[in-house]
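Let's take a friendly walk through this structure, one topic at a time. Have the sequence and the 3D view open as you read.

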Amino acid sequence: MSTVWRWLSRLLMALLVPVVLLAAIWTYARLASPTQAQGEAVALMTARPAPPAGDNGFALLMALPEAPDDVAPPMPVCGDEVSCIAVIESAPEQASAAIAARRDWLESGALALRAPAFRDLRTEATVADSLPPYLAMSQTRVLRAFDFATGQTTAALAAACEDALGSVRRASDPDVLIDGMLGIAIFRQHAALIADMRRRAPADPLPTACLALANPPDPAAEGTLCPALRGEWSWLTRVMADMNAQVPSEAPAWSLPVLHDPEWLLARTAERFAPHCEAVAADAARADRATEFALIEPRWVDRVAQPVSVILDQIASPAYTDYAERQLDFVAQRRLLAAFLQMDAMDAAMTPAQRFEALAETLRAGPRPLRFDASMGRLSVPLRGRNGDKDGGEAALLVATPPPAP
């Protein structure tokens, strides 16, 4: 009997040792998380400034009624390579009916675009929460192009520049990344529209809002992803409970807390985002260098203690590539429009080439020099990030022809 018990004891020990070892590893990993670096990263992400005082563009958009698309003619479609004013001039009656049915809706979208703040202040959120009607903001250029085409040239230009200033706020201080990328797209569209307006009505006075756009951007303030990533991290903290409920698993429900640690996942995300909120990120933006996301391999004990969290972390990792380059492209496009407007305001007796040479060296050259083709009157700057399905390329504006001397 003693021999049987001895062998049974050995068998039990052989089974118990791996279990005890696994429990010890699990406990150590949980107690040793977050790491010091992750704790510092979390502190960086939570240091999010309060939204500015004044209207909240997010709330304004959420309060908008649905666009009257079912009962109104379709809006004119303005592509990036086609003049929006020309599109409206090609079908003026349809454009007039489409704008008349949506003018109030579009003007409300413009108010949201120009609002000092844009912040989702809902305390609880799910992944499937409704998004605001961003289209009301992105289609404001059609309204400005229509007003210009119908003779309100000065007012339309002033409104387009006000909208462009609003898009700068959305791009440089967004609620989440999608808001920032939308702000960049709206700015690009309005820059092209403003340049088109100046070519068509060069004798109109330059409104105050346009003069503000002629000031060069501050890359340290507009060229980093820190505000957007702080917003992304804040959003993740609010939707994490909903994400946990949706984690696909055939394992029993009690096992998920054993295999998944939401706090670890948030700390890992903060660690990935943190470089964009450090002082070196501002220095890199001034030098037109993209800041990389931190790519740090999980500890082996984390792979044992929270394997589901590690998988979710690896899925999220590639989702943020290229955004830093797009943010720097935005700064380059800001410089492009600033140079265009400064050239536009110079002495009409100067040739476009002379105007280009008269620009400040810091605006014209710098780490990403502007280019000017005198034969085409084309001012451009190279881009590095993806724009839709295109890699890099360039942004270009045609310099307005000065009005003839009286």
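## Aromatic pairs

Searching the whole structure turns up 4 aromatic pairs. Keep in mind that this is a predicted model. Two of the pairs are set out here, one per row.

| Pair | Ring centres | Angle between planes | Kind |
|---|---|---|---|
| Phe273 and Phe293 | 6.2 Å apart | 65° | edge-to-face |
| Phe356 and Phe372 | 5.5 Å apart | 25° | stacked |

Let's start with Phe273 and Phe293. Their planes sit at 65°, and planes over 60 degrees apart count as edge-to-face, so that is the label this pair gets. Where do the two residues lie? Phe273 belongs to helix 14 (residues 262-273), while Phe293 is in the loop between helix 15 (279-286) and helix 16 (300-305), so the pair ties together parts that are 20 residues apart in sequence. As for accessibility, Phe273 is buried, and Phe293 is buried too.

Now for Phe356 and Phe372. Here the planes are at 25°, and anything under 30 degrees counts as stacked, so this pair is a stacked one. Phe356 comes from helix 19 (residues 352-358) and Phe372 from strand 1 (residues 371-373), so this pair links parts 16 residues apart in sequence. Are these two buried or exposed? Both Phe356 and Phe372 are buried. Phe356 has a charged neighbour as well: Arg364 lies over the face of its ring, 5.7 Å from the ring centre.

## Two helices side by side

Two packed helices can be described by the angle between their axes and the distance between those axes. Take helix 7 (residues 140-149) and helix 9 (residues 177-200): they pack at an angle of about 10°, and their axes are 10 Å apart. Helix 7 and helix 9 are therefore roughly parallel to each other. Which residues make the contact? On the helix 7 side they are Thr140, Arg141, Arg144, Ala145 and Phe148, and helix 9 brings Gln189, His190, Leu193, Met197 and Arg200. Sorted by class, this contact has 4 nonpolar, 3 polar and 3 charged residues.

## A proline in a loop

Last stop: Pro205, found in the loop between helix 9 and helix 10 (208-213). Is Pro205 buried or exposed? Its relative accessibility is 52%, so Pro205 counts as exposed, the cut-off for that being over 50%. Leaving aside residues up to four places away in sequence, Pro205 touches Thr154, Leu157 and Arg198. And although Pro205 and Ala345 are 140 residues apart along the chain, their C-alpha atoms are separated by 9.3 Å.

Notes. Residues are numbered from 1 along each chain as its sequence is written. This is a predicted model: local features need pLDDT of at least 70, side-chain atom pairs count only at pLDDT 80 or more; totals for chains, interfaces and linings use all residues. Side-chain values use heavy atoms; hydrogens and water are left out. Axes are lines fitted to C-alpha atoms, for helices over the stretch in contact, and angles run from 0 to 180 degrees between N-to-C directions. Helices (H or I, at least four residues) and strands (E, at least two) are DSSP runs, numbered from the N terminus. Angles under 35 degrees count as roughly parallel, over 145 as roughly antiparallel, 65 to 115 as roughly perpendicular and the rest as oblique. Contact means heavy atoms within 4.5 Å. Ala, Val, Leu, Ile, Met, Phe, Trp, Tyr, Cys and Pro count as nonpolar, Asp, Glu, Lys and Arg as charged, and the others, Gly among them, as polar. Buried means under 20% relative accessible area, exposed over 50%, partly exposed in between (1.4 Å probe, protein chains only). Rings of Phe, Tyr and Trp (its six-membered ring) pair if their centres lie within 6.5 Å; planes under 30 degrees apart count as stacked, over 60 as edge-to-face and the rest as tilted. A charge sits over a ring if NZ of Lys or CZ of Arg is within 6 Å of the ring centre and within 35 degrees of the ring normal.
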